[in-house]
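This short report walks through one protein model. Keep the sequence and the 3D view open as you read.

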Amino acid sequence: MNAHKWFLTNFDCSALWVKDRNALIQSLSTNPEFLKNKASEGNMVVDYKDWQIPLGRRFRSLKLWMVLRLYGLENLQSYIRNHIELAKQFEELVAQDPRFEVFAPRKFSLVCFRLVPPHNDKDCANKLNHDLLDAVNSTGKIFISHTVCSYLCYSFFLP
């Protein structure tokens, strides 16, 4: 999971959810003599060195830990729920406008939509939607990301 999407951290911070940490540890563990110690051998500590390939690394988790400590669970839940509600409102606005089509059901805060081209002309649709993307993104006030499905559609991401 990329924590920078909803957990208010900058890039280079991802979380890995592991059902069985022992399988991960067995595949990535290194145990040279110089790393052996009583605490590790007695299972009194969690050796995170065994959860990844490099032995040393930057302290990426600190930024996520700070967000969790400063905002707390309830505030982060509220933040995410607000984004989902904003996406729902946006989806409703798009659905009410006959110039647009909601391409797929909304997932969390992702709304897939497109401008409907005249006469369902695929080439016109691609140009029309690319022009919309460029016009909206050039304002710097909002950012639309695009994707290509069986025909072009645009995805609206809330921050």
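Asp131 is partly exposed, because its relative accessible area is 39%. The classes work like this: buried is under 20% relative accessible area, exposed is over 50%, and partly exposed lies in between (1.4 Å probe, protein chains only). Lys127 is exposed, at 52%. Lys127 and Asp131 form a salt bridge, with their closest N and O atoms 2.8 Å apart. A salt bridge means a side-chain nitrogen of Lys or Arg within 4 Å of a carboxyl oxygen of Asp or Glu. About one helical turn separates Lys127 from Asp131, because they are four residues apart in helix 5. Helices (H or I, at least four residues) and strands (E, at least two) are DSSP runs, numbered from the N terminus.

This is a predicted model, where local features need pLDDT of at least 70 and side-chain atom pairs count only at pLDDT 80 or more, while totals for chains, interfaces and linings use all residues. Residues are numbered from 1 along each chain as its sequence is written, and side-chain values use heavy atoms, with hydrogens and water left out.

## Other salt bridges

How many salt bridges does a search of the whole structure find? The search finds four. Side chains of opposite charge can pair when their charged atoms come close.

One of the bridges joins Arg106 and Glu91, at 3.1 Å from N to O. This pair links distant parts of the chain: Arg106 sits in strand 1 (residues 100-107) and Glu91 in helix 4, 15 residues apart. Arg106 is partly exposed at 24%. Glu91 is buried at 16%. Another bridge joins Arg99 to Asp97, with the closest N and O atoms 2.5 Å apart. Asp97 is buried, at 17%.

## The largest nonpolar core

A nonpolar core is a set of buried Ala, Val, Leu, Ile, Met, Phe, Trp, Tyr and Cys residues joined through side-chain atoms within 4.5 Å. The largest one here has nine residues, among them Ala87, Val94, Phe113, Leu132 and Ile144. Helix 4 (61-96), strand 2 (110-115) and helix 5 (122-138) each give at least two residues to this core.

Look at Val94. Neighbours within four places in sequence aside, Val94 is in contact (heavy atoms within 4.5 Å) with Phe100, Val102 and Phe113.

## A buried arginine

Now turn to strand 2, which holds Arg114. Arg114 counts as buried because its relative accessibility is 7%. Its side chain makes a polar contact with the side chain of Glu101, at 2.6 Å. A polar contact is a pair of N or O atoms within 3.5 Å; within protein, one must be able to donate a hydrogen and the other to accept it, and residues adjacent in sequence count only if both atoms are side-chain atoms.

## Around helix 1

Trp6 lies in helix 1 (residues 3-6). Trp6 and Tyr79 are 73 residues apart in sequence, yet their C-alpha atoms are 8.2 Å apart in space.

Is Thr9 buried or exposed? Thr9 is buried, because its relative accessibility is 8%. The Thr9 side chain reaches the backbone oxygen of Ala3 at 3.3 Å. Beyond its neighbours within four places in sequence, Thr9 has contacts including Lys63, Leu64 and Val67.
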